[in-house]
Amino acid sequence: MRLAVRKTYKLFIGGAFPRSESGRTYLVDGDNVALASRKDARDAVLAARKAQPKWAGATAYNRGQVLYRIAEMLEARRAEFVAVGVPAAEVDAAIDRWVWYAGWSDKIAQVHGGANPVAGPYFNISAPEPTGVVAVVAPASFLGLVSVVAPAIVTGNTVVVLAAAPQAAITLAEVLATSDVPGGVVNILTGNPAETAPWLASHDDVNGLDLTGVTDATLATEWERAAAGSLKRVRRPSASEIDFFSDPGLGSMTAFLEIKTVWHPKGF
Amino acid sequence: MTVTTPAGLDLRSFLHGLPGVDKVGLEARAAALGTRSVKTTAKAAAIDLAIRMVDLTTLEGADTPGKVRALAAKALRPDPADASCPPVAAVCVYPAMVPHAAEVLAGSGVHLASVATAFPSGQAPLDVKLADTRDAVAAGADEIDMVISRGEFLAGRYDRVFEEIVAVKEACGSAHLKVILETGELGTYDNVRRASWLAMLAGADFIKTSTGKVPLAATLPVTLVMLEAVRDFRARTGRQVGVKPAGGIRTTKDAIRYLVMINETVGDGWLAPDWFRFGASSLLNDLLMQRTKLTTGHYAGPDYFTLD
């Protein structure tokens, strides 16, 4: 008879799986899970910032391939997600969502940007660019987690995710770690978002804040206010808008894009 | 030139008679001192002290008068948003840039250091090195960072290195002399100890680890050897010499580790900008970010601070 190999769910920062610097853990359904501190959040922001220019500089085609690779890896590990309590239908929908967003990587610029008619002898072109580092308070459902992470990274942002369902989120981190996603592009912290989110919301080196997973309206307002102090983009969909099984639309991608407009003389 | 050493020996016998460095023990001690946790008010005091100890440095081929003026302005007011932030200890530039920095720093109390003596290699004839030094002093530098001839030192011609330091010290006049040992090229801790003593015996006011131009720059163990050397030198001669680690110190955590090490090994006699300096450029921004974090209560970002 074999001894059970018990698993500790650790954090995912900069492509590695460290324990919390605070050394704390908590129990979730009998599993030991790292309880992230504000310093883990700070380290995750550093990792995300470091990875951002290269990820944004990769070709859209390359980012699309990486996202598709995530779907491939996820497909092979479907059983693991079911084992940590994710309904099979939701795993399938999450895989399809990665593929769906992978396809958008080299199309979002055409749909969201374009040539503008201007009065004068100029070509006037608008093109979307990633906002930078985005902090994400993720929803509890696995499909919800994928539906907030994929749109943020496909356009070239890097993310620090505060996960609500730790086992599924860290299992996803294991998928990401084997999917050619550069270290630091996705960083996942488990624990109590109420402890770490305020530090991310007020952090001067975070450019966007996604509050989709926040159920407490008072907290969401408080963090939105903290985010205003450093002029972050904030995405806070209302509860009635949140249905992860429906067509996601472009809103979750465009929320974390900046528009760059270029004037070029026509010269005739 | 005859050299008298504290033991009454000739220079070579004295330097080779210094006790050897226990490499494993040294590195373990430096690592152990690096684990101290400094928090809240102590951290705030350490950050301000570290800012006051920074030799804000730019030593690039691409340095322009404008860049040097901007750097000097930053030295006076490191955080323009906070008047309680102290100025740094000094600005450190190439001799050709000294007049531009002097313009901004005149009368401010912030020192103006210039590297001289064919920095960074030190491979030039003595009269070129002396002329380099005199020019920098004449242009307004009140601190000179000289490099020793590592080639001569490693070849065992200690008297030549000694004489050179004495000559440069004389050319400095009233300016302070910092002697760069370039520890990354000396090979062993024993050599670092010997070079430290050699420089101090020859009249150095400061001993400095590195030029910042070789991959292996300041480390905690090397600085510990040098701190022990200045401590022992003061015990034997009564003269106090300063220490300046330079190169590779980029974060507040690193800087605080050095401060802890000074406090634990040589005592607070060296815990002042007159006796300890950080040769650094990017360190200052990290110190400012940590300082801002303590005063505002939220994490700061590099976008809010100047690039140079």
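Q: Where in chain B is the place of F119(B)?
A: This is a predicted model, in which local features need pLDDT of at least 70 and side-chain atom pairs count only at pLDDT 80 or more, whereas totals for chains, interfaces and linings use all residues. Residues are numbered from 1 along each chain as its sequence is written, while chains are lettered from A and ligands numbered from 1 in the order in which they are written. Helices (H or I, at least four residues) and strands (E, at least two) are DSSP runs numbered from the N terminus. On that basis F119(B) sits in the loop between β3 (111-116) and α6 (126-138) of chain B.

Q: Does F119(B) count as buried or exposed?
A: A residue is buried if 20 or more other C-beta atoms, placed from the backbone, lie within 10 Å of its own, exposed if 12 or fewer do, and partly exposed in between. Because F119(B) has 20 C-beta neighbours inside 10 Å, this residue counts as buried.

Q: Which residues does F119(B) touch, not counting those up to four places away in sequence?
A: Contact requires that the C-beta atoms of two residues, placed from the backbone, lie within 7 Å. With that cut-off, the partners of F119(B) are V147(B) and T211(B).

Q: What is the omega of the peptide bond from F119(B) to P120(B)?
A: Most residues other than glycine have a negative phi, and most peptide bonds are trans. P120(B) is found in the loop between β3 and α6 of chain B. The bond that leads from F119(B) into P120(B) is cis, with omega near 0°.

Q: What phi does A118(B) have?
A: A118(B) also belongs to the loop between β3 and α6 of chain B, and counts as partly exposed because it has 17 C-beta neighbours inside 10 Å. Although A118(B) is not a glycine, its phi is positive, at about 55°.

Q: What phi does E182(B) have?
A: E182(B) is located in the loop between β5 and α9 of chain B, and counts as buried because 25 C-beta neighbours lie inside 10 Å. E182(B) is not a glycine, yet its phi is positive, at about 50°.

Q: Which elements of chain B do the buried residues of α8(B) pack against?
A: Helix α8 (residues 158-172) of chain B has 15 residues and reaches 21 Å from its first C-alpha to its last, close to the 21 Å expected at 1.5 Å a residue, where the expected span is 1.5 Å times one less than the number of residues. Its buried residues include Y158(B), F162(B), I165(B) and C172(B). The buried residues of this helix pack against α1 (11-17), α6, β4 (143-147), α7 (150-154), β5 (176-180) and α9 (189-201).

Q: In the hairpin of β4(A) and β5(A), which residue takes a positive phi?
A: Two strands pair if DSSP finds at least two bridges between them, and two bridges join β4 (residues 114-115) to β5 (residues 122-130) of chain A in the antiparallel sense. A115(A) has I125(A) as its bridge partner in β5(A). Six residues stand between the strands of this hairpin, and the positive phi, near 150°, is that of G120(A).

Q: In β11(A), which residue is the bridge partner of E129(A)?
A: Strand β5(A) pairs with β11 (residues 257-265) of chain A in the antiparallel sense over nine bridges. In β11(A), the residue bridged to E129(A) is E258(A).
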